[in-house]
Structure formats: C-alpha cells, structure tokens
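Dear colleague,

My notes on what was found in it follow directly after.

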Amino acid sequence: MNRINKKLSEGKKLLSIYFTAGYPNLNDTASIIEQLEESGVDMIEIGLPFSDPLADGPTIQDSSTAALHNGMTTKKLFEQLEGIRDKVSIPLIIMGYFNPMMQYGVETFCAKCQELGIDGLILPDLPVAEYDLYYRKIFEKYGLVNVFLITPQTSEERIRFIDEVSDGFIYMVSSASVTGSTTGFGNVQEDYFKRIESMNLKNPQIVGFGINNSETFTQATATAKGAIIGSAFIKMLTKEGKKGIDAFVKSIR
Amino acid sequence: MNYHVDEKGYYGDFGGAYIPEMLYPNVEELRSKYLEIMYEEEFQKEFNQLLKDYVGRPSPLYFAKRLSEKHGTQIYLKREDLNHTGAHKINNTIGQILVAQRLGKHRIIAETGAGQHGVATATVCALVGLKCIVYMGEIDIKRQAPNVARMKMLGAEVRPAKSGSKTLKDATNEAIRDWINNPVDTHYIIGSAIGPHPYPDMVTRFQSVISEEIKWQLKEKLGKENPDYVVACVGGGSNAAGTYYHFLDEPEVGIISVEAAGKGINTGKSAATSKLGRDGVIHGCKTLLMQTEDGQITEPYSISAGLDYPGVGPMHAHLARTERAEFISVTDDDAMQAGLELSELEGIIPAIETSHALAIFNQKKFKKDDVVVICLSGRGDKDLNNYIEYFDL
C-alpha cells in the first residue's frame, strides 16, 4: 500500500505542509523534510519551482523565483532527494507545473519518483481528461498517486468523474482564488465543505488554499480529512528560517 | 492534412487546455457555447454591423505599385492599419465582447504587451459599457505611455504586472490569476491566437474576416480568389491566423510566417520561436515554446513589443511542424529598414510588428507575376518613439 493511502486510513485529521524546493537556500530540501517529519506533520508537498506558476499568489511566486535563482532544477531536486527514504517515512508528494515534467520526460520523471520513494504528484495544470487519456497508465505503472483539485465552482458531475479517476485523495481548493489569500472562511466555504461531505466520495478530501493558522485548520478539517498549508509556511520560513519550523507546526494543532 | 482545430481542441500535436481546475468551469462554458453563439443569426448581424460601421470594414486591399516595382513582384497590402484603433486587434475584441454579453459576464479582463490589444479591449468595453481591467507589464507601461493614456481615457483600469520579467508573458499570468480569483462574473478577452482551447480557434475565427475579404477583393481586382502567397508577422499569431484561415486548405497558396529574430537567432536576444522553441506548455496550451532545458520559460527579445512572446499560437506550431507554412526570421535592423522603406515608397508608416513581414524580400525572391498579399496588421503611430530613436529623426 502506498504511504499516502496508509496515512489516509489513520483515524486522525492530517496536516500537510507545502514548501518550495530550493528556498530559502538551494540545499534546504532534505533538512526541511526531516524537520517537518520530526515536528509531527503527516504529509509533505515538495514544490518543484516553475517560472510561470499560474495558480499561485505572490508568496509562492516569489519563493519559486528565488529558488530558480538559487539554481534549482528538476535534476537538482532529484539529486537532493537521493537517500531521503533512509531518513524519513512520511508520505512525500511532488507538486509542480506540467512543463518541467514534460521536458524531463513524463515516464522518466515517474520512474525517478518511484526510485526515490516519492508517493504522489500534484500537477495543477495537467487536466483530468489529458491525464486519463495519455498519462494515467504511466503514473500507475510507477505506483504514483495523482491528486486532482476541485473548487467551489466544480460541478457535481465533474467531482464524480474526478473521484472515479483518483486513487488517493482529492485536493479541495477552499475558495475561488490563487494560493496565499487570507480572507478566512465564511458561509460559502461552510456550505461547500458540507456539500462535498454529503456526496460521500470514495476518496477522502484534503483542503488547501487559505489555511494559515489553527483556526482555519480546524474549520477546514471539521468535515475534510486534512488540510494543506503552503503560503503561510513559506512566509514563516522567509521571516524565521528553518529554526521556526517546529513552533509553526505546533501552533497549527 | 487538417490545419483546423479537432474536436479535442488540438492542431496536430499542439493545443489542448492545460489549465488549473479553477479555470475549468469558465473555459468549459466557453468551449461548449462559442460556436453556437458565434453563428447565431442575431450575433452575426450585430458583429458584421459593428465591423462595418464602427471598425470601418472592409479594410482595403491595396496594390503597392512602387514597392512592387522595387522588389520585382506583385505586392498587395491588406490594410488592417486603417481599422478603428489602428490594428487588426479590434476584429477579435468586437467578437469577444459580444460573446461575453451573451454569457452574461459584466467584468472584462485582458492582457496587453505594446498596448494595442489593451486599447482594443478598452474600446469595446466603452462601446457596450462594461468594466474593463487591463494587465500590462510594469516595464511595458513605461515603454508605451501613450497607449496607457488611451486605455485610461477609455475608462479602463490598467494594472501593472510586477512579477517575472514584467512584460507580456507576466501580464498574461496576472490576467489568468485574476480570472481564477473572479470565476463567475468575468470574461477574459485573450488578444492572440493562444491560450487554452477554444481561445485559439475563437480568435482565429473572429480574425478570419481578413482572409474572407482578401478572397473577394482579389476576385474583384484580378478575377481570381487565390494569391500565390499570403504573408504575415507572427508573435502569438492572430493577424497571421486571420490572414491564412481561408487559404489553409488551398495548397496552391503559399504561406509565409515572419518571426522576430531580434538581434539574431543565435544571440540569445531573439523571439524566433519556430527556430528556438521546443514542445511545451504555456498559458494553457501545448505549443512551441522558448524554454530552458529544465522547462523554465525564457524571456524572448524583439524590438517589437507585439512579437516579444516566448510561444506561438498552437495553429502556427502545427503549420511549422507540417511545413504548411514557411517560417522566416527577420532581425530588428531589417525590420526597421523595411518600415522606413514602406514609409518612403508608399506613404504608409507601419507598426514595427508589420515591418517584420515587409522585410522578407531580402531573404525570399518572388517571380515577377507572383501575387503576394501581406497583412499590414497595424499602423506605426504607437512606434514613433522607437523609429525616432532608431533613425535619429
């Protein structure tokens, strides 16, 4: 059983953290992963930086630009993850845009992920239809869980389709926004969370976008299986560096 | 060979809709309705009326006698520069604003590089009374002050794109992020034949009025509908797509696409995507794309802000791969000289984008009786500062 599915079967709410690989410093990747595991995080999204991150707000854009400037590349990230499975057992997901993966070669990329012990991928700009048609078999061959997004605007019919194609969890985008918005959750989110809960999907849902503290984490996980924090974590890293990781994680739950 | 979009939204290897899920409802709504809306009788009536009375179509097809003599062939210029707002861009914005109204959208966003598409969008928003926000790279805002002022006079809000290189690519990113943040009430008017399906096809269809007119105008002048060549400059490729559309399936018509070589193809300061690009994904479509080995999108360069784009529309990528179109790259210097030549020989000051298309005669020889139609996509008023600086006028 894939580490992600195993983690999802545990009877607790999951805290997942996103960070941009190569930020703040080029070679921070492995140590950030180790520290996150030590401080009790349940799952990690390793951001593969891209020059044109369409779905991201300023915080992740800036960290991506800085990481690329530091010299981060796909090859470099794979080098940094060499031997990571000797150190941690936490589920690891690579999150990035499709073009760098396409240039590396989709199959080579997936094979490398399996070799390194990566459990899943999130590629916001790889559409479900394209995945299903061209790439699903490759992902499955290498035992990778592919995670799709849904939003408050996603139709019920499409959510059902995504649920059918998925075999891990569904990434539930909390509101119509790019990453890093901090408006908090209101009635719209509450209704949306309840609506999704009542659909009884086969895949558990993990909420992302707009979660930045203990309050929003609790709200998001009232119905969902877990929540992902990205921009707020990167902001903390920018301000305090790696020494702030433990306190940050413990402030969430 | 099929040169048109297929039912999955692809032109051969290129196209598709590589968009984040947040954009899916908007793009899907457009995809499922655009053809039905565009070919409604009422829509066609309103669209054609506006093209005639507001844009000033049909635009003339002008036989350039002195230019023809100089280059020893028969050169016809399709005068898109005479359209309202000074370029072909308005054909598309008129069409899309009518689509937006029928979709019940009341907020319009657009991206712009040199400002021509921004002005054309602000213009149609003023025409129908819709709120208009134009994203423009911070650097372009400084370079193109008169167009920024025009947009403001037309009631649009111009928002600077401060990320990345602060030019067209980044303005497009910001417009897409705005659309993600405003998924219900907003329509995004993309200005070129780029973006996720159905945009490349929709923009091409709205611009196809150019080749539709060329056909009957040639018939009137020469007794035949087909020229020997059609020529256009290609950045994203909307004027080219419109100029070629009705000739794509006429094998006797040669297609010549002119890209910006910038300082020269191998100088690292170029925008010649067909030569320097590889298959990749940008702004929602798979196409030829200038990028690093690692798949990071690189900054193109051209003296012309309208050709300064790291990709090319998916239809053009397909025309390049299938060799239906011949791609020629023209340097800044050759383009500027061609712009001056047209001014002196024909009394027409072209946009610098268009000047690239006019510069092919150094590289390509035509027969004396070849009929060569060049899309004169825009006028040079906006580029006066560049011309002044370059020629020390």
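In chain A, five bridges join strand E2 (residues 43–48) to strand E3 (residues 92–96) in the parallel sense. Strands (E, at least two residues) and helices (H or I, at least four) are DSSP runs numbered from the N terminus, and two strands pair if DSSP finds at least two bridges between them. Within this pairing, Glu45(A) has Ile93(A) of E3(A) as its bridge partner.

The model is a predicted one, in which local features need pLDDT of at least 70 and side-chain atom pairs count only at pLDDT 80 or more, while totals for chains, interfaces and linings use all residues. Residues are numbered from 1 along each chain as its sequence is written, and chains are lettered from A and ligands numbered from 1 in the order in which they are written.

E2(A) and E3(A) belong to an open sheet of nine strands with parallel pairing, in the order E5-E4-E3-E2-E1-E9-E8-E7-E6 (chain A). Its edge strands, E5 (145–147) and E6 of chain A, each pair on one side only.

In helix H11 (residues 231–240) of chain A, the buried residues (20 or more other C-beta atoms within 10 Å of their own, C-beta atoms being placed from the backbone) are Ser231(A), Ala232(A), Phe233(A), Ile234(A) and Leu237(A). They pack against strand E1 (14–20), H3, strand E9 (226–229) and helix H12 (245–252) of chain A.

The contact between the chains (C-beta atoms, placed from the backbone, within 7 Å) takes 29 residues from chain A and 24 residues from chain B. On the side of chain A that touches chain B, H5(A) gives the most, with five residues.

With kind regards

Terms used
Two residues are in contact if their C-beta atoms, placed from the backbone, lie within 7 Å. A residue is buried if 20 or more other C-beta atoms lie within 10 Å of its own, exposed if 12 or fewer, and partly exposed in between; C-beta atoms are placed from the backbone.
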